[in-house]
Amino acid sequence: MNMLEAIDQRCSRRAYLDKLIGNKEKKLLDEKIAELNAESGLSIALVENCAEAFAGFRKSYGLLKGVNNCFALKGDKNIPKFKEKLGFYGEMLVLYAETLGLSTCWVGGSYDKSCLLCELQPDEELNLVIVVGYAAERKSARENAIYKITHRKSKTAEEMCEYERGRGADNPPDWFFKGMCAVAKAPSANNKQPVKIYCKNGEITALDGNSDNSVDLGIAKAHFYLATGISI
């Protein structure tokens with residue numbers, strides 16, 4: 001499985017088997033994290049033995065179970081488009097983990113930061129985390145119930161874009177539609193899918209509502225890039 005194929009396979013998992021990541025997978029993840037950090041200027045880290053940060057109803061509101069590992073999405077908060085970068089490179093890591101047979105879930109506030117042993121340099125900020133580990137082959141009844149509660153009807157690829165057709169072009173080109181299909185599968189906070197992709201006069205832009213700096217925007221851009229090879 002490659003990372004583009006992982007877009008179709010990956011889904012959020014909230015219940016994990018109680019074990020650490022294998023040495024082979026950990027080595028590959030560490031190498032990928034180093035590569036992404038060098039490219040982005042972020043300082044994303046894999047944190048193991050972090051169960052305490054998610055333990056009990058008070059910390060994860062009962063949404064997560066068996067978490068032992070997570071990616072800490074952090075970096076210098078003064079980096080231009082800091083949140084967008086966290087989304088873009090965090091999702092690249094999510095999809096890479098999927099190719100290794102690992103499951104993931106983006107987590108915003110439902111964890112205890114004080115229990116997460118994660119070093120922060122001056123001006124660095126821990127914005128959110130992605131839990132990662134091994135999940136059962138099938139979702140539990142509890143996971144399915146949580147999914148139904150936390151998700152709404154998904155938008156279509158057409159609903160998430162505006163394409164200005166040129167002369168003689170009745171429909172968007174195949175490459176653009178392929179990119180939008182990938183964007184429609186991008187995870188977002190509460191499945192709101194706030195990002196919209198615009199194509200006008202051959203120029204492609206994207207916004208999350210009125211924002212050009214959000215985690216959801218970065219995630220959507222990562223999916224578009226993997227499907228088309230085009231950076232927005």
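Is serine 40 buried or exposed? I found serine 40 to be buried, with a relative accessible area of 4%; buried denotes under 20% relative accessible area, exposed over 50%, and partly exposed in between (1.4 Å probe, protein chains only).

I worked on a predicted model, in which local features need pLDDT of at least 70 and side-chain atom pairs count only at pLDDT 80 or more, while totals for chains, interfaces and linings use all residues. Residues are numbered from 1 along each chain as its sequence is written, and side-chain values use heavy atoms, with hydrogens and water left out.

**Serine 40**

I located serine 40 in helix H2 (residues 23-40); helices (H or I, at least four residues) and strands (E, at least two) are DSSP runs, numbered from the N terminus. Leaving aside residues up to four places away in sequence, I noted that serine 40 touches Lys85 and Tyr89 (contact: heavy atoms within 4.5 Å). I also recorded that its side chain reaches the backbone nitrogen of leucine 42 at 3.1 Å. The C-alpha atoms of serine 40 and cysteine 181 are 26 Å apart, with 141 residues separating the two along the chain.

**Strand E6**

I then examined strand E6 (residues 195-200), where side chains alternate.

I traced three bridges from E6 to strand E5 (residues 161-163), the two running parallel; strands pair if DSSP finds at least two bridges between them. Here glutamate 162 stands opposite tyrosine 198. Six bridges join E6 to the antiparallel strand E7 (residues 203-208), and cysteine 199 stands opposite isoleucine 204.

Technical notes
Polar contact = N/O pair within 3.5 Å; in protein donor to acceptor, adjacent residues only side chain to side chain.
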